[in-house]
Amino acid sequence: MRAARISSYGDPSVIRIEELDPPVPHAGQVLVEVAATSMHPTETALRSGLLAALMPVTLPLTLGWDVAGTVDGRPVVGMLDAGAAAGYAVVPADRLVTAPAGVPLADAAALPLAGMTAWQAVAEQARVRAGKRVLVNGAGGGIGSPCRWRGIWART
């Protein structure tokens, strides 16, 4: 499989596409055939080395925290510590959910980290509940965009 990896910190030129064997899942993990991943500013900071003291990683590292793909043909999305920028990724089973119906996997890949952050801000911190009104000002970028997806608010 192909994977986007870094072997040193630096600018985007340190990213290399490498051929690797698919990972093997262990107990509690599943193998996801990756359709898409998304990259966040925090991953850019990690790649550049700005987060090396805060988030130490072992290099080489396969990039990608958010993942969208299939497990046994079932569309899923989830978040992992690293490794989503590859043909296959091993993900703890409890970090995956069924992908939103009607949302292409390439779009759903942007949901895990940004969607979770938006959910935490609106539902957990602001405690917005059914029947309440919220002004979403801007709704841009990774955090604001999931606010426009009707499916994310199904539980509110």
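Biologist: Let's start with E5: how many of the 6 residues are buried?
Modeller: Of the 6 residues of E5, 5 are buried, so the strand is largely enclosed by the rest of the structure. Buried stands for under 20% relative accessible area, exposed for over 50% and partly exposed for the range in between, with a 1.4 Å probe and protein chains only. Strands (E, at least two residues) and helices (H or I, at least four) are DSSP runs, numbered from the N terminus.

Biologist: And what kind of model is this?
Modeller: It is a predicted model, in which local features need pLDDT of at least 70 and side-chain atom pairs count only at pLDDT 80 or more, whereas totals for chains, interfaces and linings use all residues. Residues are numbered from 1 along each chain as its sequence is written, and side-chain values use heavy atoms, with hydrogens and water left out.

Biologist: Back to E5, over how many bridges does it pair with E3, and over how many with E6?
Modeller: Strand E3 (residues 29-36) and E5 pair in the antiparallel sense over 3 bridges, with Val34 standing opposite Gly69 in E5. E5 and E6 are also antiparallel, over 6 bridges, and there Asp66 stands opposite Met79 in E6. Two strands are called paired if DSSP finds at least two bridges between them.

Biologist: What does Asp72 do in the hairpin of E5 and E6?
Modeller: That hairpin has 2 residues between the strands, and in it Asp72 takes a positive phi near 50 degrees, a positive value in a residue other than glycine. Asp72 is exposed, at a relative accessible area of 81%.

Biologist: Zooming out, what is the order of the open sheet of 5 strands?
Modeller: The order is E7-E3-E5-E6-E8, with antiparallel pairing. Strand E7 (88-92) and strand E8 (96-98) stand at the edges with a single partner strand each, so one side of each is left without a neighbour in the sheet. The twist averages 45 degrees from one strand to the next, where axes are lines fitted to C-alpha atoms, for helices over the stretch in contact, and angles run from 0 to 180 degrees between N-to-C directions.

Biologist: How many bridges join E6 to E8?
Modeller: Strand E6 (residues 74-79) is joined to E8 by 3 bridges, and the two run antiparallel; Val76 stands opposite Thr98 in E8. Helix H3 (residues 112-125) packs on this sheet, where it touches strand E5 (66-71) and E6, and its direction makes about 65 degrees with that of E6. Contact here means heavy atoms within 4.5 Å.

Biologist: Changing topic, which 3 strands form the other open sheet?
Modeller: Those are E2, E1 and E4, in the order E2-E1-E4 and with antiparallel pairing. E2 and E4 stand at the edges, each with a single partner strand, so one side of each has no neighbour in the sheet. E1 and E4 pair over 2 bridges in the antiparallel sense, and the bridge partner of Ile6 in E4 is Leu61.

Biologist: What do the buried residues of H1 pack against?
Modeller: They pack against strand E1 (2-6), strand E2 (15-19) and strand E4 (61-62). The buried residues in helix H1 (residues 41-48) are Glu43, Ala45, Leu46 and Arg47. Just after H1, Gly49 takes a positive phi of about 100 degrees.

Biologist: And the peptide bond from Leu59 to Pro60, cis or trans?
Modeller: It is cis, with omega near 0 degrees, and Pro60 lies in the loop between H1 and E4.

Biologist: Last one: what phi does Arg127 have?
Modeller: Arg127 has a positive phi of about 55 degrees, although it is not a glycine. Arg127 sits in the loop between H3 and helix H4 (141-144) and counts as exposed at 59% relative accessibility.
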